[in-house]
Amino acid sequence: RSLEKRSLGLSVKDEYDMDLLVDHFADLGFRRVPLVEEVGDFARRGGVLDFFSPGFEAPVRVEFFGDEIESLRAFDVATQRTTESLTTVRLLPKREVALTQKELDQHLERLPSADAELLQARYVNDPELPGLEWLSLLFKMPQGRLPDFLPQLSCTYVTDHRRLEAEYLSILEESRLLHGKLSARFTSLPS
């Protein structure tokens with residue numbers, strides 16, 4: 001639900017205020033760079049906006065004429081040349097947990113002051129805040145499961161249960177290690 005709310009469809013002939021669109025990229029966790037090279041990068045040069053959204057095989061160049069999208073094109077990172085013309089794209093957040101600075105501040109206000117200060121200092125040093133997905137539990141953000149996103153009468157079939165179990169155990173172990181590290185630094189952690 002949060003993904004749907006935060007994603008944005010762009011189509012040729014749509015109109016957008018480019019400054020607001022640039023702000024939207026920042027809110028989705030994208031990093032402003034001079035030249036787009038990696039997933040999560042975006043760049044603005046005059047009436048051209050480049051971005052590399054998660055789930056895309058290549059970055060996209062959006063060319064504006066005034067406030068109207070004149071063209072959408074996938075391009076090669078190395079050559080900067082068009083590889084495909086597009087009519088529409090869906091911009092996705094850079095990460096599972098996308099927080100604006102305002103939302104982060106609101107979550108920090110609800111934490112014990114020592115915990116909030118530790119996180120704020122960490123965020124100032126690295127605005128991408130690695131591990132934020134794990135901290136979403138600390139912020140008491142709603143959690144979802146895969147079945148929540150499937151149609152009601154969906155049937156799933158596991159073809160490699162050993163691999164699924166190994167991944168589960170790996171995530172569980174990573175969670176235990178992270179909880180152990182964080183419990184030494186935070187006053188209030190969820191179990």
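Phe51 counts as buried because its relative accessibility is 0%, where buried means under 20% relative accessible area, exposed over 50% and partly exposed in between (1.4 Å probe, protein chains only). The model is predicted, so local features need pLDDT of at least 70 and side-chain atom pairs count only at pLDDT 80 or more, while totals for chains, interfaces and linings use all residues. Residues are numbered from 1 along each chain as its sequence is written, and side-chain values use heavy atoms, with hydrogens and water left out.

**Aromatic pairs**

- The structure holds four aromatic pairs; rings of Phe, Tyr and Trp (its six-membered ring) pair if their centres lie within 6.5 Å, and planes under 30 degrees apart count as stacked, over 60 as edge-to-face and the rest as tilted.
- The ring centres of Phe25 and Phe51 are 5.1 Å apart and the planes stand at 55°, so this pair is tilted.
- Phe25 belongs to helix H2 (residues 18-27) and Phe51 to strand E4 (residues 48-51), so the pair ties together parts that are 26 residues apart in sequence; helices (H or I, at least four residues) and strands (E, at least two) are DSSP runs, numbered from the N terminus.
- Both Phe25 and Phe51 are buried.
- Phe51 and Phe56 also form a tilted pair, because their ring centres are 6.1 Å apart and their planes lie at 55°.
- Ring pairs link Phe25, Phe30, Phe42, Phe51 and Phe56 into a cluster.

**Helix H2**

- The buried residues in H2 include Met18, Leu21, Val22 and Phe25.
- Viewed down the axis of H2, its buried residues fall within an arc of 100°, so they line one face of the helix; the arc is that of the directions from the helix axis to the C-beta atoms.
- The cover over the buried residues of H2 includes strand E1 (8-11), strand E2 (31-32), strand E3 (41-45), E4, strand E5 (60-65) and E8.

**Leu91**

- Leu91 is placed in strand E8 (residues 88-91).
- Leu91 is buried, with a relative accessible area of 0%.
- Leaving aside neighbours within four places in sequence, Leu91 is in contact (heavy atoms within 4.5 Å) with Ser7, Leu8, His24, Phe25, Leu28, Phe30, Phe51 and Ser53.
- A distance of 8.8 Å separates the C-alpha atoms of Leu91 and Phe52, which are 39 residues apart along the chain.
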